Amino acid sequence: MAALALGLAGTAMVVTPSSTAGAATATLVVDYACSGGIAGTGPGTVNLRTRLTVPTTLNVGDPLNVEWKLNYKDGTLGSPAYMPNGGRIDVIGRANISGSWVGQLQPTGTVEQPGPIDKGVPLKLPVGISDFGHTDRAGTVTVRPGQTLFVDFRPSASEVMVNDDDPAISYSDGWEDHEGLPSEDHDHQLDLHSTTVKDAWASYTFTGTGIEYVAQKDRDAGPIDIAIDGQPAAPPRVDPSRNADGTLVNDAHRGGQTLWKFHGLKYEQHTITIKNVQDAKLGQLDAFRVITRDLVNAPKDYRAECTLVNAPGAIQVEIGGGDDNPASPSPDTSASPSASASPTDENPGGGGDSPSPSPSPSPSPSPSPSPSASPSPAAAQTQNYIVTAVVTQGSPSPTATRTVTLTATPSVAQVAITPQGGAQTGEAPERVSSSAMLLIGSGGALLMIGMLSGVAMLRRRAAHSGERG
């Protein structure tokens with residue numbers, strides 16, 4: 001889901017699925033002509049008739065919803081190849097926003113195509129596609145349909161057994177078709193082709209990401225060379241008469257064996273060719289197994305590009321009830337979310353598209369108002385400003401969220417702490433406690449007692465001296 005830049009920098013931009021009940025709406029009829037990809041597999045030119053519906057009056061905080069109804073006008077999109085398990089159609093549109101804000105919404109929609117589907121079979125379109133953005137202040141914006149819609153087809157993962165008698169397999173001279181083989185041999189559909197002619201070949205063109213060669217393990221079989229798209233495969237040769245260690249097998253006519261496989265091909269059309277190497281040695285083909293893994297993205301070759309063919313006009317949206325000058329401060333530098341790999345309009349106001357593979361919003365940042373009051377150094381405050389964007393990229397898939405947090409912290413201490421009696425404080429030192437005074441008094445008393453004892457001793461000595469004389 002695309003995020004529309006309708007807010008001030010420094011405020012949170014939120015995408016919400018709610019809608020305003022009873023809001024007035026306007027509808028535009030928008031015609032597109034589709035070409036390329038799955039548009040080229042149908043009966044001819046494919047024209048779509050779509051209807052774009054947008055609310056014309058909103059209040060601040062209401063979502064700006066854009067809804068598109070899709071229908072075929074002339075022709076149909078067709079399956080690009082045989083799809084055993086079907087696939088999925090993804091439609092990606094554009095709605096360009098101009099006026100008070102500039103941005104882009106990216107309506108998307110998906111519908112599953114149940115399989116199996118033969119090549120050229122008409123594909124179902126989603127009933128509609130939609131997207132919405134949050135509005136956070138009053139103003140007037142204009143909504144115009146983009147120049148391009150993209151329709152992607154993504155095949156489902158599958159494994160398909162192609163029997164040896166499939167008419168799409170080509171054989172050189174020298175092959176024989178064997179039907180009604182014993183069930184204990186376990187051959188696919190109880191049949192196979194075989195040859196004893198040197199250089200006799202068989203080839204098959206498939207669309208997928210892997211291919212496997214199925215035949216019998218047999219002591220009388222000879223080596224087979226294998227090529228993919230005209231180049232030697234990896235490995236380029238297989239010998240059905242040998243085990244992996246090179247020893248001769250004990251098997252005879254053990255069918256349904258996967259003798260060789262190659263996975264990891266790019267999803268596109270490929271050709272496998274097998275060739276009997278030795279004359280008078282048995283070469284066999286029971287079946288090919290075609291592999292298609294889960295694809296992360298739809299193949300580029302299957303994308304149909306649909307171009308605007310009429311002049312549908314535009315829809316004006318009045319958004320009221322908001323405050324254009326929020327009181328809360330915003331950071332000096334605004335942050336703007338963005339996403340890559342998407343077809344975006346180079347001129348959102350004018351409706352031009354750039355054909356990139358998948359959708360991407362590029363909201364333009366709005367100028368952020370200066371803070372109305374700067375924080376006092378004595379006040380301890382930390383202001384956090386968060387800008388959030390919610391974006392859906394490419395085909396609808398998991399939503400990615402980026403959050404940027406700008407933090408401004410005052411550089412002064414929150415509380416000044418100065419010890420009493422410190423230098424240059426002008427404050428008196430702390431008073432001596434009562435316990436300290438007691439200690440000083442005790443020391444003085446001991447000193448006086450010592451002095452008096454000394455005087456008494458001197459007098460006694462003097463008295464003794466007098467008696468002796």
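This note goes through a predicted model point by point.

1. **The disulfide.** The structure holds one disulfide. Its partners are C34 and C306, with 2.0 Å from S to S. The torsion about the S-S bond is 105 degrees, and the link of C34 and C306 is right-handed. A disulfide is a covalent bond between the sulfur atoms of two cysteines.

2. C34 sits in strand β1, residues 25-35, and C306 in strand β22, residues 304-308. The pair therefore ties together parts that are 272 residues apart in sequence.

3. **Accessibility of the two cysteines.** Are C34 and C306 buried or exposed? The cut-off for buried is under 20% relative accessible area. C34 has 6% relative accessibility, so it counts as buried. C306 has 0%, so it counts as buried too.

4. **The β14 and β15 pairing.** How many bridges join β14 to β15? There are three, and the two strands run antiparallel. β15 covers residues 192-195. For a spot to check on screen, take D177, which stands opposite H193 in β15.

5. **Cis peptide at P116.** G115 and P116 are joined by a cis peptide bond, with omega about 0 degrees. P116 lies in a loop. That loop runs between β8 (108-113) and β9 (128-134).

6. **Cis peptide at P235.** A cis peptide bond also joins A234 and P235. Here omega is about -5 degrees. P235 is found in a strand, β18, which spans residues 231-238.

7. **Positive phi at D229.** D229 is a residue other than glycine with a positive phi, near 55 degrees. Its place is the loop between β17 (224-228) and β18. Is D229 buried, exposed or partly exposed? Its relative accessible area is 42%. Buried means under 20% and exposed over 50%, with partly exposed in between. D229 is therefore partly exposed.

8. **Positive phi at H253.** H253, again not a glycine, has a positive phi near 65 degrees. It is found in the loop between β18 and β19, the latter covering 254-276. With 40% relative accessibility, H253 counts as partly exposed.

9. **The largest pocket: space and centre.** About 590 Å³ of space lies in the largest pocket. Which residues lie nearest its centre? They are P80, A81, Y82, F206 and T207, out of a lining of 29 residues.

10. **The largest pocket: elements in the lining.** β16 gives the most, with four residues.

11. **The largest pocket: make-up of the lining.** How do the residues of the lining divide into nonpolar, polar and charged? The lining of the largest pocket has 15 nonpolar residues, ten polar and four charged.

Key
Residues numbered from 1 in each chain as written. Predicted model: local features only at pLDDT ≥ 70, side-chain atom pairs only at ≥ 80, totals over all residues. Heavy atoms only, no water. Pairing = 2+ DSSP bridges. Disulfide = S-S within 2.5 Å. Buried < 20%, exposed > 50% of the residue type's maximum accessible area, 1.4 Å probe, protein only. 1 Å grid on protein atoms, 1.4 Å probe; cavity = no way out; pocket = protein on both sides within 12 Å on 5 of 7 lines; lining within 4 Å. Points joined across faces, edges and corners; volume = space filled by probe spheres on them. Nonpolar A, V, L, I, M, F, W, Y, C, P; charged D, E, K, R; others polar.
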